[in-house]
Amino acid sequence: MATGKFFRQVPLPEQKSHNDDVLFPAVLSPTCTTAIQLSTFKEAIGAHKPWLESILVNTGAILFRGFPVTSPSDFNDVVEAFGFPEFSYVGGRVPRTQVVGRVYTANESPLHLEVPFHHEMAYNPDFPTKLFFFCDEEPEEGGETPIVLSHIVYEKMKERHPDFVAQLEEHGLMYITIHGDKEDPSSITGSSWKTAFQTDDKKIAEERAVKKGTKLEWMGNTAKLITGPIPAISLPASERQNASAELGSGDPVDEDVMKDMLRILKEECVVIPWKKGDVLLVNNLTVLHSRLPLIKPPRRILASLCK
C-alpha cells in the first residue's frame with residue numbers, strides 16, 4: 001500500500017507564479033528515490049485523491065513527472081485510478097482514434113501545424129471538465145503543449161479592451177465550422193461530419209447535433225455546424241481555415257483585438273518540454289491549451305477526456 005507522503009512538489013524554471021505565489025502548473029514527482037511500481041502509483045492516487053483534486057482546483061493543472069507510466073495501457077490505468085467519469089467525444093470537431101480503453105489520440109492534424117489555444121470542446125454546451133495528456137513519445141524539438149490560465153487572459157483583456165469584453169459577455173459567440181463527408185488530414189479541425197457524430201446517416205447526425213446544442217445545415221454532402229450563441233471567453237482564439245466565429249449579435253469579431261488576445265496568450269502561457277512518461281492533468285474549466293509545431297520528430301501525445 002502507498003502510505004505517507006508519496007508525492008513531492010518539484011519546481012521547474014518554466015513555471016509561473018500566480019495568486020500568492022502559487023506555481024502554475026503544479027509539478028509532482030515521487031518522494032521515493034528508488035524505483036516504484038505502477039500499482040503503487042495507482043494506490044497513491046486513490047489514497048491522495050482529495051489532496052490532488054484540491055491542487056488541481058487551486059493551480060489549474062498538475063504535471064506528474066518521473067512515475068512508471070511507460071505505455072498507453074499504463075496511462076489508461078492511471079486515468080482510471082482517479083475515478084473520474086469518462087466523457088464521450090460525440091460531436092468533436094477533430095478526428096481522434098481510440099488507442100486502448102479510455103485513451104485516444106490527441107489532435108491528428110499534421111504535427112507541423114500549430115493548434116490554437118482553446119478549452120476542449122468549448123463550442124458544445126456539454127464539454128469535459130478535466131483532460132489528461134500522456135507523452136508516449138518524447139519530441140526531439142518542438143511539439144510542446146502550452147497551457148495558460150484563462151482568468152489571467154480575461155483580466156488583461158478587460159484592462160485593454162473593456163468594450164469588446166462587455167460585448168462578449170452580453171452576446172456570446174456563434175461558432176461555425178465546415179465538415180465534409182471525408183476526413184481532411186491537412187486541417188486541425190479536419191474531422192468529417194460522419195466522424196464527428198459517429199454515423200453515416202444525415203438524420204441521425206442532425207439529431208445528435210441538436211443534443212449538443214448545434215444546428216446542422218447541409219450543403220450537398222458537406223455539413224455546416226453552427227453553435228451558439230455561447231459564452232465567448234472559452235472559445236478558440238485563432239483563425240482556422242474551415243472555422244469562424246462571430247459575436248452572438250451577428251457582428252464580426254474585431255481582428256485587431258483578436259491579435260492582441262493572441263499576444264496575451266503567448267505572453268502568459270507556460271511551455272514545458274515533454275518528457276517520456278509525463279502525465280498532465282488539466283482543469284478544462286480554467287485552463288486553455290494549445291500545441292506548438294513539431295520541429296524534430298517523433299512525437300506521440302495521447303489524451304483522455306473526463307466529465
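Which residues in α4 meet which residues in α8? I started my notebook with that one, keeping in mind that this is a predicted model.

**Entry 1: the sheet.** I found an open sheet of 3 strands, in the order β8-β17-β11, with antiparallel pairing. β8 (115–118) and β11 (147–149) are at the edges with a single partner strand each, so one side of each has no neighbour in the sheet. On average, neighbouring strands here are turned by 15 degrees against each other, ignoring direction.

Entry 2: Next I followed β11 to its partner. β11 pairs with β17 (residues 287–291) over 3 bridges, in the antiparallel sense. I also noted that Ile 147 has His 289 in β17 standing opposite.

**Entry 3: a helix over the strands.** Then I turned to α4, residues 150–160. This helix lies across β11 and β17, and runs at about 60 degrees to β11.

**Entry 4: two helices.** I was reminded that two packed helices are described by the angle and the distance between their axes. For α4 and α8 (residues 255–268), the axes come within 10 Å and cross at roughly 140 degrees. That angle makes α4 oblique to α8. I wrote down the crossing of α4 and α8 as right-handed.

**Entry 5: back to my question.** From α4, the residues are Ile 152, Val 153, Lys 156, Met 157 and Arg 160. They meet Val 257, Asp 260, Met 261, Ile 264, Leu 265, Glu 267 and Glu 268 in α8. Sorted by class, this contact of α4 with α8 has 7 nonpolar and 5 charged residues, and no polar ones.

How values were computed
Residues are numbered from 1 along each chain as its sequence is written. This is a predicted model: local features need pLDDT of at least 70, side-chain atom pairs count only at pLDDT 80 or more; totals for chains, interfaces and linings use all residues. Side-chain values use heavy atoms; hydrogens and water are left out. Two strands pair if DSSP finds at least two bridges between them. Helices (H or I, at least four residues) and strands (E, at least two) are DSSP runs, numbered from the N terminus. Axes are lines fitted to C-alpha atoms, for helices over the stretch in contact, and angles run from 0 to 180 degrees between N-to-C directions. Contact means heavy atoms within 4.5 Å. Angles under 35 degrees count as roughly parallel, over 145 as roughly antiparallel, 65 to 115 as roughly perpendicular and the rest as oblique. A crossing is left-handed if the near helix is turned anticlockwise from the far one by less than a right angle, and right-handed if clockwise. Ala, Val, Leu, Ile, Met, Phe, Trp, Tyr, Cys and Pro count as nonpolar, Asp, Glu, Lys and Arg as charged, and the others, Gly among them, as polar.
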